[in-house]
Amino acid sequence: MNLVKPNHYSDALLLQQIEQGCKQSFDILFEKYWAKAYADAYRRLKDPDQAKDIVQEVFTHIWLKRETLHIDNLPAYLNVAIRNKIFKLVEKQKHIHPFFDILEDMPASYSQADDNLLWKEFLICYEALLNTLPPKRQIIFRLHFQEDLPTKDIATQLGITRKTVQNQLGKAIEKIKISLSPLLPLWIIILMAIS
Amino acid sequence: MDKQYFLELLHKYLNDKATDVEQQFLIKYYDLFLTEPDVIALLSDEQKEKLKKEINASIWQNIDAASAPGKKVLTINTRFLKIAAAAVLIGFCATIFLVLRTQPERKPVQPVAARKQKPDLFILLADGSKVILSYGSKLSYPSSFNGRTKREVYLQGEAFFDIKHIDSKPFVVHTGKLETTVLGTAFNVKDIPGDKTITVTVTRGRVKVSDNNKVLGIIIPNQQITYDKVQLNATQNRINASLYTTWAEKDDLYFEDVTVEAAARLLEARRKVKIEFADELVKSKRFTATFDKSESLDKELKIICEFNDATYSYDKEKTTITIKSKPQTNQTSNL
């Protein structure tokens, strides 16, 4: 037997051993990745019990399905598996969950986000998503995103003035880039004045 | 960003229906959390070691439980384990839990694979009122309301009530200092320990909420009273009641020793179908089962029928379902 330390085993070798039912290899793999998996889950869930459950489920699955799972890149596999579990969990607990906090704080966080790469990437994707929405919905979202108004309020506001203002607003918004967001509150004042 | 829309996206994503753009958005949203601190780094070596051992032990327990012959995959839940640990050793209790869940003494339990969500408990009270008790909540109620002037129950946590109308006997839910009095109606009461407030939400009928005999308000559908447990005052709002009661329709549901008829009534409400009985015999049979929210109506009907020696059939329009006893039992079928 060689004397290489646990962390020096390659994932591929460990997974191969696991596939054949080697519990030791599984424990080595767990030792190597559990902390990152737990931290990743905890970041989103802010709940030790839920984070534990997610890590348990993902690793249990790796063992139980060892003969059929063919994992090429274990860190990537864990990332996706944990992400999907979290999505599932927060979807079920939709009423209140820390996972939605960023969503609700979006306008506030946006201003501080200028030099944060993650935020930049996120905003690009958000913009791309908005562009796929029907125009009416886009307006509502943009107002909400920049103004932090409850969607209901915007809907009622737009509902009242929908016929008259919507087209203008739609056109205007096409031209207003997110980077020019300070202009948007003006539009809302105009909207409110009209209604 | 609208939460409702975000949940729609999540739902689409989980059902493999999200577009690339939608997927990317969700993934990038998820990645935003990378700026949150690494909780492991904040733990001491001892705490880390303890946590690691706990998780590892649970994994092997899950694996053993899943690999045992004849058992389907079930995962042990940390929250449940915590409760169990108070009484007995964690591992021992978890095993018992699994055994109980899969092989109850009285009636067979539906062998659901990989049921991870905690089920709500469906309770049929002696007067025919229905209660869906949220997981972890407690309800104390008498086995019979006979000889009492009021129908009184005591709630800790959250429950949805659908109360049978009896003019002469008001139904009272006690939640801490708060009393919710009704004659016959459907409403939701939420009093989570640790929360500062108790909320009462009405979906049907009229509900009176009072505090030490002082009436705080009488509310009707789509109204809600929020009672501040600290300041002892109440506020009344207009709301969309369905938002507060969807949990009762959507969560997994645990039926404990209920009659087939009671289960059918609940299924009617949840699934928007009509269920009839071809004979009386099957109606009063009792069973215990868990229904996963993701299961189809057919699966649920099949479970009910299998446990109670019955069969079910749809009418031509597929709007009414008829349940009848299997031929070998005595039946008075009028199909």
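Colleague: How many salt bridges are there between chain A and chain B?

Modeller: The count between the two chains is four salt bridges. Bear in mind that this is a predicted model.

Colleague: What makes the meeting of B:Glu36 and A:Lys46 a salt bridge?

Modeller: Their side chains come to 3.0 Å, N to O. The cut-off is a Lys or Arg side-chain nitrogen within 4 Å of a carboxyl oxygen of Asp or Glu, so the pair qualifies.

Colleague: Which helices of chain A each supply at least two residues of the side that touches chain B?

Modeller: Helices H2 (23-45), H3 (48-64), H4 (74-92), H5 (101-111), H6 (117-132) and H7 (135-147) of chain A each do that. The largest share, 13 residues, comes from H2(A). By kind, the residues on this side of chain A divide into 32 nonpolar, ten polar and 22 charged.

Colleague: Back to A:Lys46, then. Why is A:Lys46 called partly exposed?

Modeller: Its relative accessibility is 36%. Buried would need a value under 20% and exposed a value over 50%, so A:Lys46 falls in between and counts as partly exposed.

Colleague: Where is A:Lys46 found, and what is it in contact with?

Modeller: A:Lys46 lies in the loop between H2 and H3 of chain A. Leaving aside neighbours within four places in sequence, its contacts are A:Pro98, B:Phe33 and B:Glu36. A:Pro98 is 52 residues away in sequence, while the two C-alpha atoms are 6.7 Å apart in space.

Colleague: What does the side chain of A:Lys46 reach at 2.5 Å?

Modeller: That is the backbone oxygen of A:Arg43. A polar contact asks for N or O atoms within 3.5 Å, so this distance is inside the cut-off.

Colleague: How is the size of an interface often given?

Modeller: Often as the accessible area lost when the parts come together. Here, chain A and chain B bury about 6100 Å² between them, with 67% of it on carbon and sulfur atoms. The contact takes 64 residues from chain A and 59 residues from chain B. Between the chains there are also twelve residue pairs in polar contact, both residues at pLDDT 80 or more.

Note on methods: Residues are numbered from 1 along each chain as its sequence is written. Chains are lettered from A and ligands numbered from 1 in the order in which they are written. This is a predicted model: local features need pLDDT of at least 70, side-chain atom pairs count only at pLDDT 80 or more; totals for chains, interfaces and linings use all residues. Side-chain values use heavy atoms; hydrogens and water are left out. Contact means heavy atoms within 4.5 Å. Buried area is the accessible area (1.4 Å probe) that two parts lose on being put together, summed over both. A polar contact is a pair of N or O atoms within 3.5 Å; within protein, one must be able to donate a hydrogen and the other to accept it, and residues adjacent in sequence count only if both atoms are side-chain atoms. Helices (H or I, at least four residues) and strands (E, at least two) are DSSP runs, numbered from the N terminus. Ala, Val, Leu, Ile, Met, Phe, Trp, Tyr, Cys and Pro count as nonpolar, Asp, Glu, Lys and Arg as charged, and the others, Gly among them, as polar. Buried means under 20% relative accessible area, exposed over 50%, partly exposed in between (1.4 Å probe, protein chains only).
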